Amino acid sequence: MALFFGTSKHQIDAKNRIRIPPKFSDKLGTAFYVARGTDRCLYCFSEDTFAKYTQEFDNTPAYLPDNAMSLKRHFFNSVEEVEKDGQGRVLLPPALVAYANLTKDIVIAGTGDRLEIWDADAYEEVVGGKDFNQVLKDMNG
């Protein structure tokens with residue numbers, strides 16, 4: 001399984017196309033999956049990682065509690081398979097661009113087994129503006 005780490009600043013063009021940096025793109029492959037993520041970002045999964053997530057959802061009971069079923073629906077209803085074009089660009093579906101409020105400046109961030117695509121201002125507010133030591137303290141109670 002590929003691991004993604006680091007961040008990269010880019011822009012989305014008027015046709016909703018972005019360039020995935022080579023350090024990420026090579027690990028994603030030619031075709032990959034994009035879905036709604038938390039905090040209004042987009043999640044990007046390689047085929048292998050997406051298969052793992054799909055299997056985890058498939059191993060859950062058929063009759064899920066309402067909130068678990070809602071999570072499954074929201075996740076899978078938003079997934080789109082995308083491909084890089086001949087120039088290495090990826091066309092993001094309009095619904096996902098609107099969900100993440102991607103306007104011009106974006107941040108592509110590695111988070112282990114997936115990438116996240118953020119509006120640059122939202123990324124700064126949700127991630128960049130937090131002190132790492134405070135985040136650790138908050139996790140440990």
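How many helices and strands are there in the protein? The predicted model contains 6 helices and 8 strands. Read from the N terminus, these elements follow the order β-β-α-β-β-α-α-β-β-α-β-β-α-α.

The sheet comes next. Six strands form an open sheet in the order β1-β7-β8-β4-β3-β5, and their pairing is antiparallel. At its edges lie β1, residues 7-11, and β5, residues 80-83, each of which pairs on one side only. On average, neighbouring strands of this sheet are turned by 30° against each other, direction ignored.

Within the sheet, β4 and β8 can be followed in detail. Strand β4 covers residues 42-45 and strand β8 covers residues 115-119; the two run antiparallel and are joined by 3 bridges. Which residue of β8 is the bridge partner of Cys-44? That partner is Leu-115.

Helix α2, residues 47-58, lies across β3 (31-36) and β4, and runs at about 110° to β4.

Some totals describe the protein as a whole. Of its 141 residues, 38% are buried, where buried means under 20% relative accessible area. Among contacts with a separation of 6 or more, 62% are between residues 24 or more positions apart. The accessible surface comes to about 8,700 Å², and carbon and sulfur atoms account for 50% of that surface.

Key
Residues are numbered from 1 along each chain as its sequence is written. This is a predicted model: local features need pLDDT of at least 70, side-chain atom pairs count only at pLDDT 80 or more; totals for chains, interfaces and linings use all residues. Side-chain values use heavy atoms; hydrogens and water are left out. Two strands pair if DSSP finds at least two bridges between them. Helices (H or I, at least four residues) and strands (E, at least two) are DSSP runs, numbered from the N terminus. Axes are lines fitted to C-alpha atoms, for helices over the stretch in contact, and angles run from 0 to 180 degrees between N-to-C directions. Contact means heavy atoms within 4.5 Å. Buried means under 20% relative accessible area, exposed over 50%, partly exposed in between (1.4 Å probe, protein chains only). Accessible areas come from the Shrake-Rupley method with a 1.4 Å probe; for residues, only the protein chains shown count as cover.
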